[in-house]
Amino acid sequence: MTALTLSTSAAPGLRADAIVIGVAKGSASRSGDLVVAPGAEAVDKAYDGKLADVLETLGASGAEGELTKLPAPSGFKAPLVLAAGLGTAPVKGGEWDAEALRRAAGTAARALTGCKKAGFALPLDATGAVAAIAEGALLGAYSFDTYKETGKNAKAKADKAPLAEAVLLGAKPRDNAHKAALARAVAVCEELNRARDLINMPPNDLTPAAFAAVAQGAAKEHGLKIQVLDEKALIKGGYGGIMGVGQGATATPRLVKLSYTHPKADKHLALVGKGITYDSGGISLKPAGHNETMKCDMSGAAAVFAAVVAAARLGLKVNVTGWLALAENMPSGSAVRPGDVLRMYSGKTVEVLNTDAEGRLVMADALWAASQEKPDALVDVATLTGAMVLALGSRTFGVMANDDAFRTALYEAAEEVGEPAWPMPMPEHLRKGMDSSVADIANMGERMGGGLVAGLFLREFVGEGITWAHLDIAGPAFNEGGPFGYTPKGGTGSAVRTLVRLAELTAEGLTA
Ligand code: BES
Ligand code: MN
Ligand code: ZN
């Protein structure tokens, strides 16, 4: 990953490939002119205080996502200045929006592939600005090129390597708050980028067993407790949901329990992730056009995995248990059929009406397993329904919960870290659509409100009295469009930062 450093040095003296600055649209009080963001004073001065005019001449508008290149003024050790759009400037004296800084740093970092070093001369004063710029740079510089191996791909891989070093100019390397912000950003972003790698890995390589092995490696590295239930153990333990979904595949399922404990913790947070390493739909096979990206169906498990490891690396004063429900959903002679009844880990029976509604089946077993430990709060993360994508689009995840305050806490945590999220209801009347004529419940209900129906199904497998929330990340987990801000094409690492923030808030006693 990109190396990050804090530096007090000013832009002119930095030997680098580029200096990144910020440019914004003036807010009403500044009469609509272009504003050069604080941090770039030395650059502005070298342009005789006319940097805003120069940028305007070059066509800059300050819009988010915009990049304007200009030659560095004479006397600068770097050859290039890169002005990244920050959207609308805050009113005079106001704070620069953390998410705007994060995105601008990300956009710049993406444009700097193939570069060794860049200085970031952006506004560092606002609370969280150091963290935001660091995160934007680390997440924006991400690329997945493991499988680009031969010919022109091999050359491009070498020429277009991620930015090697990002220097935050004007920071305070000795200031404890700045140092801590940097350390946190590095830990969270390293794990988030690892989650992206797992999501992007092709499903022939990332089988449930392979994912479990990666978790085992991380557990060893960070001193976490880990327990892996393989096929035999799952059958013996009565995990009918996970086994039912996985029984058609040659690559057998796993349930991974990863535990981070802090000796002084007085709260326990349990996280459950959907880990379908490939979702073909099973016997209810998805049509062509709907399965090419279904390697992303383990994004919830990847997010949970990353969050537990990040909590450990940050030494948070909270116990965090991650449950990864790993299976491959394939059609075959041994696959679960529409019409089969599964006996779940909780003891409930489920009539499988559609084998493509597999996520809720593996999640049901993991939620019940997690519930047995009576955590103070339980959060599950899943690429659960296409309906949620229809409802909220491809950048926003839905938040459901059995507790209004907890749903709000998650929504606010997401907002705080810059992850678009929205609260969704759990209308009771949708429950009866899942009544089954043969079993306790069916795995499908009304088509309308499908995301809410799935949430109601999961609720049946949450232990009595446990505060629970469900994040449906089917939209934002995998970016099928072009990259934007600090979000790459492919696996995004959606929900990781929200979960880490929730763990922090829980450690501080600020949530359930
Ligand atoms: N993994 C899919 C949901 C999904 C859709 C994730 C698009 C990412 C992008 C899930 O297993 C699924 O197939 N859900 C079905 C449920 C239906 C059969 C009740 C769906 O949403 O169509
Ligand atoms: Mn499915
Ligand atoms: Zn699925």
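Helix α13 (residues 404–417) and helix α15 (residues 496–507) pack with their axes 8 Å apart and at an angle of about 120°. This angle makes α13 oblique to α15, where angles under 35 degrees count as roughly parallel, over 145 as roughly antiparallel, 65 to 115 as roughly perpendicular and the rest as oblique. Axes are lines fitted to C-alpha atoms, for helices over the stretch in contact, with angles running from 0 to 180 degrees between N-to-C directions. Helices (H or I, at least four residues) and strands (E, at least two) are DSSP runs, numbered from the N terminus. The crossing of α13 and α15 is right-handed; a crossing is right-handed if the near helix is turned clockwise from the far one by less than a right angle, and left-handed if anticlockwise. On the α13 side the contact (heavy atoms within 4.5 Å) is made by Phe-406, Leu-410, Ala-413, Ala-414, Glu-416 and Val-417, and on the α15 side by Arg-497, Thr-498, Arg-501, Leu-502 and Leu-505.

The structure is a predicted model, in which local features need pLDDT of at least 70 and side-chain atom pairs count only at pLDDT 80 or more, while totals for chains, interfaces and linings use all residues. Residues are numbered from 1 along each chain as its sequence is written, chains are lettered from A and ligands numbered from 1 in the order in which they are written, and side-chain values use heavy atoms, with hydrogens and water left out.

Arg-360, Leu-361, Met-363, Ala-364 and Leu-367 of α11 meet Val-453, Ala-454, Phe-457 and Leu-458 of α14.

The model also contains a two-metal site. The zinc ion (ligand 3) is coordinated at 2.0 to 2.4 Å by Lys-274 (NZ), Asp-279 (OD), Asp-297 (OD) and Glu-358 (OE). Donors are N, O and S atoms within 2.8 Å of the metal (3.2 Å for Na, K and Ca), and sites may look incomplete because water is not among the atoms. The six donor atoms of the zinc ion (ligand 3) form an octahedral site, with angles of 78 to 175°; six donors count as octahedral if opposite donors are over 155 degrees apart and all others between 65 and 115. Asp-279 lies in strand β10 (residues 268–279) and Asp-297 in the loop between β10 and α10 (299–314), so the pair ties together parts that are 18 residues apart in sequence.

The manganese ion (ligand 2) is coordinated at 2.0 to 2.2 Å by Asp-279 (OD), Asp-356 (O), Asp-356 (OD) and Glu-358 (OE). Angles of 70 to 169° among its six donor atoms make this arrangement irregular. The manganese ion (ligand 2) and the zinc ion (ligand 3) lie 3.1 Å apart, and Asp-279 coordinates both. Since Asp-279 is in strand β10 and Glu-358 in the loop between β13 (349–351) and α11, this pair ties together parts that are 79 residues apart in sequence. Asp-279 is buried (under 20% relative accessible area), at 3%, and Glu-358 likewise counts as buried, at 1%.

Conventions
Four donors count as tetrahedral if all angles lie between 85 and 135 degrees; four count as square planar and six as octahedral if opposite donors are over 155 degrees apart and all others between 65 and 115; anything else is irregular. Buried means under 20% relative accessible area, exposed over 50%, partly exposed in between (1.4 Å probe, protein chains only).
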